[in-house]
Amino acid sequence: MSRALAALGAIVLAGPVWSTWRPAPRDWRTGAVCYEVFVRSFYDSDGDGIGDLNGLRQKLDYINDGDPRTRADLGARCVWLMPVAESPSYHGYDVTDYYRVDSDYGTNDDFKRLAVEAHRRGIRLLVDLVLNHVSSEHPFFQEALRDPASPYRAWFRWSDTSRGQNWHRSPVRDEYYYGFFWSGMPDLNYETPAVLDEAKSIARFWIEEMGADGFRLDAVRHLVEEGGLVANAPGTHRVLREFGAYLRRVAPSAFTIGEVWDSTGVLLRYYPDQLDAYFAFEVSDAILEAVRGGAAGAWVAPVLRLQEAVPAERWAPFLRNHDQPRTLTVLGGDVARAKLAATLLLTLPGLPFVYYGEEIGMTGDKPDPRLRTPMHWRRAPAAGFTRGTPWAPLQPDSFTANVEAQETEPGSLLHRYRRLIHLRAEHAALASGELVPLGATADAVAAYLRIDRSGEGAGAGAPAVLVITNLGAVELEGVALSSPHRVLGPGRYVPRALLGGPEAAELRVGPDGRIRGYVPLPRLAPLEAYVFQLGQ
């Protein structure tokens with residue numbers, strides 16, 4: 001047994017926290033993958049150098065063309081749009097008007113047309129909803145700033161003295177206001193009931209009037225400050241519980257996913273009855289640490305903890321997002337390792353999210369604008385993003401790391417993403433199966449089964465997929481896999497390669513259902529992944 005599997009034996013898994021949760025059926029999430037888009041950087045339709053909603057609409061077929069028989073699209077079933085409401089900043093996380101699309105991106109009607117075209121392709125639109133704070137230029141804050149008698153005064157927090165670094169001096173009088181992130185983002189005060197009422201109205205507007213299908217909620221762990229806590233306070237759970245219940249009542253098919261940038265233990269406190277799902281930051285870190293370090297270790301531990309505690313559709317693994325250095329940058333430009341990371345991500349349980357450009361190996365590091373640069377479409381000036389001058393300089397590898405260059409290269413990172421996303425939708429084991437880790441005789445090998453146990457008597461003939469990755473930089477010979485307990489029904493299993501490459505040896509499982517000393521391939525190539533369907 002490998003050290004990785006031995007380490008897993010010491011994990012104490014949390015008991016299910018979802019036993020009282022009864023969400024409406026949302027079949028779209030089974031086997032689905034979501035795609036995060038920064039509209040400003042995706043595609044510019046009018047040549048002003050800024051991506052827009054009409055540009056995104058023109059590129060929807062790249063994300064999903066609506067035809068399950070084709071493989072030239074990514075196959076994503078939902079798109080998370082970073083903020084598109086009116087804002088004075090390039091990123092949009094400081095909103096001045098929650099009911100109007102930012103003029104840089106188009107109009108409300110443009111969004112509605114986008115929603116229609118997305119829905120025609122089976123794509124759901126999630127809008128980034130910023131409820132922790134507003135822009136300091138928001139008219140409600142400006143009125144509260146200038147008029148102590150304003151009804152909006154109670155919508156924000158004030159002090160006669162500075163209480164620390166999150167308190168900012170008023171520009172109009174001798175007082176301070178609270179803003180966790182910076183002075184340009186004053187926090188809303190959810191102790192005032194009208195604030196939550198307004199949040200509900202905004203959500204209902206985007207669902208009923210604009211055609212959105214749900215929300216990614218920004219920085220939700222900071223919603224309420226109380227008792228000296230500025231994150232994960234009890235009041236935050238109360239607000240999310242009420243907001244989630246309201247949305248499920250008025251829009252049962254809407255989907256909500258929250259950003260709780262914290263450990264898995266903290267994340268589990270946000271279940272069972274608040275938002276629908278949350279991003280699994282610890283899983284992201286574990287995948288990249290294993291791939292970068294070349295050793296499996298206990299990378300799968302946070303995955304198993306979430307799998308045990310909540311249904312798969314209620315948590316979202318990912319590699320990177322708009323606040324983090326891109327995957328290929330983290331991996332030192334190693335495309336082979338980026339393929340490994342993608343393979344691990346897209347063969348896990350959960351609802352995976354992919355940040356735009358990750359699928360073609362775009363790079364980017366801090367400061368934040370360099371994490372959000374224009375998409376590389378073609379070998380052309382401005383990488384085909386715009387006819388004009390891009391709003392931000394492109395990354396230096398735009399002529400090689402682009403969609404056009406990788407379309408015709410079967411071994412490209414783009415092809416790996418497309419293949420895995422479509423496989424996930426096609427195979428029940430990858431779509432909704434249980435993850436069962438396997439021991440390996442080499443520490444560089446991460447191996448596991450995904451087993452679909454949804455059918456009656458599934459234990460004997462359950463559809464299964466075997467994933468094997470050599471995270472190391474050297475070839476390995478004779479690596480044997482094993483399981484510490486029953487994992488499959490007895491019999492012979494014939495592996496079929498789903499990513500191409502060599503076929504594996506037949507797997508024979510004895511009466512006890514355990515895998516013992518199974519050597520699927522005589523050699524595992526360095527930095528390579530193998531995915532096999534196991535059929536009887």
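At what angle do helix 10 and helix 11 pack, and how far apart are their axes? Please set that contact beside other parts of the chain.

A: First, a caution: this is a predicted model. Two packed helices are described by the angle between their axes and the distance between the axes. Helix 10 covers residues 281-293, and helix 11 covers residues 301-309. Their packing angle is about 150°, and their axes lie 8 Å apart. Angles over 145 degrees count as roughly antiparallel. Helix 10 and helix 11 are therefore roughly antiparallel to each other.

Next, the residues that meet. Helix 10 brings Glu282, Val283 and Ala286. Helix 11 brings Pro302, Val303 and Leu306. By class, the contact holds 5 nonpolar residues, 1 charged residue and no polar ones.

Now for the nonpolar cores. In soluble globular proteins, nonpolar side chains tend to be buried together. Here the largest nonpolar core has 145 residues. Tyr35, Tyr62, Phe111, Trp206 and Trp299 touch the most other members. Helix 7, residues 193-209, gives the most to this core, with 8 residues.

Setting aside residues up to four places away in sequence, Phe111 touches Leu53, Leu81, Val84, Val101 and Leu125, among others. Val127, Trp206, Met210 and Ala212 are also touched by Phe111.

Another helix to look at is helix 13, residues 335-346. At 1.5 Å a residue, its 12 residues should span 16 Å. The end C-alpha atoms are 16 Å apart, which agrees. Helix 13 is mostly covered, with 10 of its 12 residues buried. The buried residues include Arg337, Lys339 and Leu344.

Thr343 lies in helix 13. Its relative accessible area is 0%, so Thr343 is buried. Beyond its neighbours within four places in sequence, Thr343 is in contact with Arg416, Leu420, Tyr448, Leu499, Ala529 and Val531.

Neighbours within four places aside, Gly491 is in contact with Leu507, Arg508, Val509 and Gln536. Thr192 lies 299 residues from Gly491 along the chain, and their C-alpha atoms are separated by 63 Å.

To return to the request: helix 10 and helix 11 pack at about 150°, with axes 8 Å apart.

Definitions and conventions:
Residues numbered from 1 in each chain as written. Predicted model: local features only at pLDDT ≥ 70, side-chain atom pairs only at ≥ 80, totals over all residues. Heavy atoms only, no water. Core = buried A, V, L, I, M, F, W, Y, C linked by side-chain atoms within 4.5 Å. Buried < 20%, exposed > 50% of the residue type's maximum accessible area, 1.4 Å probe, protein only. Helix = DSSP H or I, 4+ residues; strand = E, 2+ residues; numbered from the N terminus. Contact = heavy atoms within 4.5 Å. Axes fitted to C-alpha atoms, helices over the stretch in contact; angles between N-to-C directions. Parallel < 35°, antiparallel > 145°, perpendicular 65-115°, else oblique. Nonpolar A, V, L, I, M, F, W, Y, C, P; charged D, E, K, R; others polar. Expected span 1.5 Å × (residues − 1).
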